[in-house]
Amino acid sequence: MGIVSPGFQGRPRTQEPALPPGQYLTEDFPVLSAGPTPRVSLDTWEFVISAENGSDHRWSWQELMALPQETPTVDIHCVTRWSKFGTTWQGVSLDTLLADVDTGAHFALAHSYGGYTTNLPLDDLRGGQAWVVHSFDGAPLPAEHGGPARLLVPHLYFWKSAKWVRGLRLKTMDEPGFWETAGYHDYGDPWREQRYQGD
Amino acid sequence: MTEMSYLDGNMLDGPMRELFTVDLSTAMGRCENCGMTGSMASLHVYSHAPGLVARCPSCEGVMLRLVRGPDRAWLDLRGTTFLQVPMPMEQTVAGPL
Ligand SMILES: [Zn+2]
């Protein structure tokens, strides 16, 4: 038997992106939900950032769509152990939405139509790390995946990417959200496998 | 895509038996949000989630959340004002011995 040189068998496989610890790869897009799917009319939809000084910044659907749009392609990691590579979304960066908000807060509590909440450090919503997205794979975001619009914060476990997002309450003190008050980790970094409190 | 569906509260019996010896399906509970009292077996349980979320069949308020980690569990009942559990008749205590 001759020695087969590497490279004679065609191009080397492209490097697969790494999976965070304890995750498996899925090709489909599982639907997770902690309650009935809210149906929100675009006529009445709004996104509100409430600063800790009491001032509100509001966007209607038309106003959101008129802002500069971005199309991030990102990997997402669900705490129920599935990960999905290369998902493409369209929406508005939180940098854009926070640009005119005067705040000294360090924390945000995202809240949704239907009552869901999740907390994040405000720094994790800045620096090109987070978006309010309204499209997935070039089509309007289906309600079961969080449409009309959801938060997208792909560097944290996906429960932080609140579906049906309605706004952010900026806070000087951290306030845990729906899953964070029921055993889940306050921050939720998939690369450090921060699933549960104390992880 | 299909609409997310829920299971009825009888499915809580197994997971709750990990924590308590009470048979939850025979218990009554009062919803903190709307005040309705009903069988825990009638709750709407959403299980395609990071934990079990049981909602009031009347107002969809969250009455119970149960998260099961590998070596720990968390039970949040803040949406349940009370649980009424059937008990065996209390033994009548005899007079002072
Ligand atoms: Zn109720």
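**Aromatic contacts: exercises**

**Exercise 1.** Classify A:Y116, at 14% relative accessibility, as buried or exposed.

Solution. Buried means under 20% relative accessible area, exposed over 50%, and partly exposed in between, with a 1.4 Å probe and protein chains only. At 14%, A:Y116 therefore counts as buried, and A:F178, at 10%, counts as buried too.

This is a predicted model, in which local features need pLDDT of at least 70 and side-chain atom pairs pLDDT 80 or more, whereas totals for chains, interfaces and linings use all residues. Residues are numbered from 1 along each chain as its sequence is written, chains are lettered from A and ligands numbered from 1 in the order in which they are written, and side-chain values use heavy atoms, without hydrogens and water.

**Exercise 2.** Determine how the rings of A:Y116 and A:F178 are arranged, and which parts of chain A they tie together.

Solution. Rings of Phe, Tyr and Trp (its six-membered ring) pair if their centres lie within 6.5 Å; planes under 30 degrees apart count as stacked, over 60 as edge-to-face and the rest as tilted. The structure holds 16 aromatic pairs over all chains. In one of them, the centres of A:Y116 and A:F178 are 5.7 Å apart and the planes lie at 45 degrees, so this pair is tilted. Because A:Y116 lies in the loop between β6 (107–112) and β7 (117–121), and A:F178 in the segment after β11 (165–171), the pair ties together parts 62 residues apart in sequence; strands are DSSP runs (E, at least two residues), numbered from the N terminus.

**Exercise 3.** Classify the pair A:Y157 and A:W159.

Solution. The centres are 5.8 Å apart and the planes at 15 degrees, so the pair is stacked; both A:Y157 and A:W159 are buried.

How values were computed:
Helix = DSSP H or I, 4+ residues; strand = E, 2+ residues; numbered from the N terminus.
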